[in-house]
Amino acid sequence: MKNRDLQATWAYHNGTKHSYESIRTNRHYLDWENQPIPFKIYSELEPIPLPQHLSSSGMTALEAISALETSASDQAIPSIQTLAQILFLSAGITKRRSYPGGEILFRAAACTGALYHIDLYLACGDLPDLAAGVYHFGPHDFALRQLRAGDYREVLVWASGREPAIANAPVIIVCASTYWRNAWKYQSRAYRHCYWDTGTILANLLAGAAAHHMPARVILGFVDGPVSQLLGLDTMREGALTLLALGNAPLQANEVSPTVEPVSFETAPLSKTEVDYPAIRAMHEASSLEDGAEVLDWRSQALENPSTLTGSPTPTSRERVIPLQPPGDGTPQDSLEAVIQRRGSTRQFSRESISFRQLSTMLDRATRGVPSDFVRPEEVPLNDLYLIVHAVEDVAPGAYVFHRDSRALELLKEGDFRRQAGYLGLGQEIPADCSVDVFFLTDLNRVLQRWGNRGYRAAQLEASLMGGKLYLAAYAQGLGASGLTFFDDDVTEFFSPHAAGKSVMFLLALGKSAKRRL
C-alpha cells in the first residue's frame, strides 16, 4: 500500500522545507506575464445563478466559530438560499481592489498569495430549486455549473467507506486544487498550501453551516480515484482534497451507485504555459487511498485508537502557567456575515498591545475541536500551539505553549523575541511587528505511524482549520491576522527542547493592524 510507504512523506516534507540557505539559493522568480487566473472557468457550460440577496443568520461570529457538531437527529436539507449563503461565506468574493494593472478579487477565506487555487464542487440529491447533480461553484459570477445530471451521492458514499455523515448528507461538498494556480509562486511547497488554503475555507464553511443550523462534518478518509473521476479532474494537474457532509437526509437504502462515465469540459486557459512540479503529484499519490479496505483502516484508527499523538506534558511549575481569561460582558456581538466580509490579511501591524482577554478568546474559540473523521473534539489534537508573545497586556513577552486540556499557557522562556520571530517568519516584518505569533507543530512521526502518508494531509488540515478559526476570532474582535510561511527547522529549534522532534505545519500572526498612511 502506497499510503504506508512513509518515506514518501519524509521525502516531500524535507524536500520542501525552507531554510535561510534554500531561500538565498532558489533562483525561482515570479513571471507576472504568466500568472495564472484565480478561477476555474468552464467555457461552454451554462451558469445557474445563485441568489444574490444574502441575509444575516443572526448568529455572532464568535458563537459560530466555536460551535461543534450540530445535532443530526432531525432532517436538515439546505435550500438554494442557504446553500448560496454558505458558499459565499466560504469562497465568495467579498472585496474588490483596483490597481494600475487590473483588479484583485478577495475571497471570504484567506489563501496563500491570494492565488485562490481551491475550487468547491458539490454532489446533491434533489433540493428545493436545485435538481440532483454534480456541480462546480464559480465565485467569479456566483453561479453553479452542472457537470453531471442526476444523484451521484452514492459514489461518494462508497468512496468514503459508507461514512455515516456522507451517507446521510443531502449535499456533499468537495474541495479540490488546481496545483499550478499556487505552484506558479510557491513551486513544490504548494502541496502544503493545498491543505492550508482548504483549512481556512472549511473554517468559514463550518461556521456558516453552524449559523444556519446545518450539520457539517469534514471527511478525509475516502478512495481518491472515484472522487476525481466523478468531478472530471485532470489528475496530472488537479487533486481532490476533502469531502464535507452538509445537512441530514439519509439516502434510500436501495440506492444503487450510478455508472460514472468519463467527462471532460473545456476550461479557460490558466496562463500562457504551465510548469509541472512532480513532487506535488507524487505526494498526493503517495497519500491516496486505493480501496475500501484502506478507508476502513483509516476510520478504525480514529475510532479505536483515541489520539495520544501530541499534547504538551503537564507543566512542572504552576508559577509558569497562566490560565486563559473567561469572556467578559463586552464580548463582541458582530455577526458572522459582517466579520467574514471585513476579514482580510493584515499586511502591517502596529506593535500595540492586545488584551489577554482578546488572546484568550481567540485561543479558546479556535481550539474547541473540529467535526471530522480523524480527531474527535474530546481528543488531544494533532497539533500543539506554540506562541511567541510580543505585546499582550498582563503577559510577559516570551515563548509559550498552549495546554488545550487545562486552557492555559505555559511559559517556556521569557524575553523580547521580536527579532527572532521576524527571522523565523522568513525574515518578514509582519511576525516581528504583531502582538502574538502562533505556530502549529505536530509530532509527524506518530501521525504517520497511525495513519500513513495520509496523516500528513490531516496534520496540515487541522492546523489550518484552527488557523482559520483564529483569523475569524481576531477580526470578530476588531484585530488583524496574517498567515505566513517559515523556516521549518529553525522554528522547532527555537521552541526546543519542548518541541524537539516536532514539525511545523502553520503560522499565524495576530495583533492590531497599523493605520494606513494617506
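I noted both Asp384 and Lys502 as buried, where buried means under 20% relative accessible area, exposed over 50% and partly exposed in between (1.4 Å probe, protein chains only).

A note on the source. This is a predicted model, in which local features need pLDDT of at least 70 and side-chain atom pairs count only at pLDDT 80 or more, while totals for chains, interfaces and linings use all residues. Residues are numbered from 1 along each chain as its sequence is written, and side-chain values use heavy atoms, with hydrogens and water left out.

Salt bridges, continued. I find 26 salt bridges in the structure. One of them joins Arg457 to Asp224, with the closest N and O atoms 3.2 Å apart; Arg457 lies in helix H17 (residues 454-476) and Asp224 in helix H9 (residues 224-231), so this pair ties together parts that are 233 residues apart in sequence. Both Arg457 and Asp224 are buried. I also looked at Arg446 and Asp443, whose side chains meet at 3.5 Å, N to O; here Arg446 is partly exposed at 47% relative accessibility, whereas Asp443 is buried at 16%. A network of salt bridges links Asp364, Arg365, Arg368 and Arg407.

Aromatic rings. My search of the whole structure gave 16 aromatic pairs, counting rings of Phe, Tyr and Trp (its six-membered ring) whose centres lie within 6.5 Å, with planes under 30 degrees apart as stacked, over 60 as edge-to-face and the rest as tilted. Trp32 and Trp184 are edge-to-face, at 5.3 Å centre to centre and 70° between the planes. Trp32 lies in the loop between helix H2 (20-25) and strand S1 (48-49) and Trp184 in helix H7 (residues 180-186), so the pair ties together parts 152 residues apart in sequence. Trp32 is exposed at 59% relative accessibility, whereas Trp184 is buried at 3%.

The rings of Trp196 and Phe486 are tilted, because their centres are 5.9 Å apart and their planes stand at 35°. Trp196 is buried at 3%, and Phe486 is buried at 0%. The charged end of Arg189 sits over the ring of Phe486, 5.0 Å from its centre (NZ of Lys or CZ of Arg within 6 Å of the ring centre and within 35 degrees of the ring normal).

Cavities. I count six cavities of 30 Å³ or more; on a 1 Å grid over the protein atoms alone, a cavity is a set of points where a 1.4 Å probe fits but cannot get out, and lining residues have an atom within 4 Å of a point. The largest cavity holds about 120 Å³ of space, and of its 15 lining residues the closest to the centre are Gly369, Val370, Val375, Pro381 and Glu462. The second largest cavity holds about 90 Å³, and its lining includes Arg107, Cys111, Tyr116 and Asp197.

Terms used:
1 Å grid on protein atoms, 1.4 Å probe; cavity = no way out; pocket = protein on both sides within 12 Å on 5 of 7 lines; lining within 4 Å. Points joined across faces, edges and corners; volume = space filled by probe spheres on them. Helix = DSSP H or I, 4+ residues; strand = E, 2+ residues; numbered from the N terminus. Salt bridge = Lys/Arg side-chain N within 4 Å of Asp/Glu carboxyl O.
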